[in-house]
Each structure stands twice: as C-alpha cells, then as structure tokens.
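Visitor: I have a model open and would like to go through a few of its features. Can we start with the helix packing?

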Amino acid sequence: MSRYRLGPLRIGFFYGAIAVVVALAADLRFLFVDPQGIPDWILTAIEEFRTQLALTVTLFLGILAAIRTRPTRLDPDVPYRSLLLRDCVLAATVVAAMVGFALFVATALNATLFADEIRAYASEAAPSIVAYNEKVAGRLDDPPPLPSVAEIEEDLQPPGLRDLGRSMANFVLRALVVGTAGALVALIRGRAGPSDGPKPRAG
C-alpha cells in the first residue's frame, strides 16, 4: 500500500483546496448572501463569526493534513521521526499558504473590482444586524451600548489597497501557526512509537 501514499505536497494541496473554498466563501459572502432574504440572526452570525470560522477550518485541515502524511522518500541515514517532522510541517504549511494566497487575491479584488458590491451589501446588511442586536438587548436587564447602523455599515466597508500589507502579514502568521501545529502533530506521532513508521525490511 505504501506505493499509493501521497506525498506531503499533494496531501497539503488536497486539504488546502478545501480550506480555500471555505475561506473564499466567508470572504466573498456578499456575492451570494442576500441580506434581505435571510433571517437577521443568521446574517448577524455570518458577520460575527465568518473570520473565526475560516481560521478554525484552516487550522483543522492543516492538522488533518499532518495526520494523514506519511514520509514517502525514506533515507536510511535520516531518522524516521525527522522525516515525519519535515513532511508534517510541509503538508500543514501548504494548506496555510494556499489559504493565505487566496485571501490576498480576494483582498485585492474586494478593494477594487468588488468595492461597489460590498458597499451595497453593507448598506442592506447593517439595518438587519442592528435590528437583531436590539431584539437581543431587549431581553437583558442591563444591555451594553449598541453600535449604530452607521458604525456597523462602516465596519462592513470594502478594504483598501493599504490592507494588502496586513493581508500579507496574516499570510506569514497563518503559515507559522499552522506549520507549528503540523510540527506538534509530528512530535506526538513520533512519540507514539515505531508502529507509525515503516517496518524495516529484512536483508
């Protein structure tokens, strides 16, 4: 069965493609979400948790890629645990790099090509979000101050070209975090014992 094992790049690409779909769906939600056509609580949840969801999915798929990785090119002079560490980090980092590149491109498109669509989405979504917040606040004895429609609409405005620098910084940070998670997976698997590695061949 070892001949059919995928290398870390292919495994990372497979899980990275899934993570890219989720990240782009969250970042480009204004293309398919109608603020007037869905309940206000769903719209509020989308805007509140979309970034956290995309980050969580990226981290989860990076860890899953590291779990599924097996070294395919063995070197008798290099310990199996070192090869496992290398390949797990590589697979997880590929996932993060694919997501980072996709979000960098999406940020550039949102700042230019899709800017008008985002402004229209913001103007339609802000009143629904405020209405839901007011309903929730009405159930509380001492509700906190609520943001106004103008404040929420401002938060939903398209990014500027200057935000490309922040997107690149997030690219690097995301790769470091997910790559570190892949390294931790490799260390845990390495401590599990030789059963995780290849069986030595006789002769």
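Guide: This is a predicted model. The buried residues of H2 pack against helix H1 (8–27), helix H3 (80–111), helix H4 (115–137) and helix H6 (163–191).

Visitor: Which residues of H2 are buried?

Guide: They are Asp40, Leu43, Thr44, Glu47, Ala54, Val57, Thr58, Leu61, Gly62, Ala65 and Ala66.

Visitor: How many residues does H2 have, and what does it reach from first C-alpha to last?

Guide: H2 covers residues 40–68, which is 29 residues, and reaches 39 Å. That is close to the 42 Å expected at 1.5 Å a residue.

Visitor: Where does H2 bend?

Guide: At Phe49, by about 55°.

Visitor: Last one, Asn110. Buried or exposed?

Guide: Asn110, in helix H3, counts as buried because its relative accessible area is 3%, against a cut-off of under 20%.

Visitor: What is Asn110 in contact with, leaving aside neighbours within four places in sequence?

Guide: Asn110 is in contact with Asp27, Leu28, Phe30, Ala115, Ile118, Pro158 and Pro159. Asp27 is also among the residues closest to the centre of the largest pocket.

Technical notes: Residues numbered from 1 in each chain as written. Predicted model: local features only at pLDDT ≥ 70, side-chain atom pairs only at ≥ 80, totals over all residues. Heavy atoms only, no water. Helix = DSSP H or I, 4+ residues; strand = E, 2+ residues; numbered from the N terminus. Expected span 1.5 Å × (residues − 1). Bend = angle between axes of the 7 residues up to and from the residue. Buried < 20%, exposed > 50% of the residue type's maximum accessible area, 1.4 Å probe, protein only. Contact = heavy atoms within 4.5 Å. 1 Å grid on protein atoms, 1.4 Å probe; cavity = no way out; pocket = protein on both sides within 12 Å on 5 of 7 lines; lining within 4 Å.
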